[in-house]
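Here is a short report on one protein model. Look at the structure first, then read on.

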Amino acid sequence: MLKLHHHPMSAASRFVRLVLAEYGERCELVEERPWERRRDFLLLNPAASLPVLIEDNGPPIIGGIVVGEYLDETRGAFQRDKRLMSEKPLERAEARRLTEWFLRKMESEVTRYLIRERVFKLEMRPEDGGGAPDASAIRAARANLKHHLRYLGWLVEERDWLAGTRMSYADIAAAGALSTLDYIGEVPWESEPQAKEWYMRMKSRPSFRILLTERLRGLPPSLNYSELDF
């Protein structure tokens, strides 16, 4: 049995949930608010970062990219044509590069700030860092998002999928990250039609269905969040 400690608006958590869904794996979800530093969660991961995967009460597997590699080795390797990592070393390297781009680089320049300022601060107590959004952080993140979206548009214009001819972890990572921003209406899709078309393909996949139906208490999604053709 798999258990995933996550937050619904954590990009890395969404990446893992999408991978699990693509592989047809069910898991128990445990929602964490990492800023609360819950004692039992800290015993699993002293860094208090998400996601954390546990299988059959085994040791914790920590971090979206690490969990992704674990799932590729324990599930993907047996999926043949449904595997989300190529059998070819160079294609795997490119998928890993882009997975890191969207789960680390874009997280550090865009996603972390927009989600923290517009979502997490609403849930945080003042002593945990809650309060009014930082307008300067939001402006900087929005400016950075334009560059990432432009790069995404270039990738899908040059390739069938982000890392090559087949959907891979790269697509899942990008879609998971962008879906958090799409929830709060922060993605200027009209500026990059190619990226928008790619995202429509991604959110039309069965693995996306549960994400599109989830709602945060007190924060409804943007109007087009659940629309497959928007």
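What do the buried residues of helix 3 pack against? Keep in mind that this is a predicted model. The buried residues pack against helix 1 (11-22), strand 3 (52-55), strand 4 (61-62) and helix 6 (169-183).

**The buried side of helix 3**

Helix 3 spans residues 64-74. Gly64, Val67, Gly68, Leu71 and Asp72 are its buried residues. They cover an arc of only 140° around the axis, which puts them on the same side of helix 3. An α-helix has 3.6 residues a turn, so residues three or four places apart point the same way.

**Salt bridges**

How many salt bridges does the structure hold? There are 23.

| Salt bridge | N to O distance |
|---|---|
| Arg33 and Glu36 | 3.9 Å |
| Arg83 and Glu87 | 2.9 Å |
| Glu190 and Lys196 | 2.8 Å |

Now look at how accessible each partner is. Arg33 is partly exposed, at 24% relative accessibility. Glu36 is partly exposed too, at 40%.

Is Glu190 buried or exposed? Glu190 is exposed, with a relative accessible area of 61%. Lys196, at 12%, counts as buried because buried means under 20%.

Salt bridges can also link up. Glu32, Arg38, Arg39 and Asp40 form a network of them.

Note on methods:
Residues numbered from 1 in each chain as written. Predicted model: local features only at pLDDT ≥ 70, side-chain atom pairs only at ≥ 80, totals over all residues. Heavy atoms only, no water. Buried < 20%, exposed > 50% of the residue type's maximum accessible area, 1.4 Å probe, protein only. Helix = DSSP H or I, 4+ residues; strand = E, 2+ residues; numbered from the N terminus. Arc of directions from axis to C-beta. Contact = heavy atoms within 4.5 Å. Salt bridge = Lys/Arg side-chain N within 4 Å of Asp/Glu carboxyl O.
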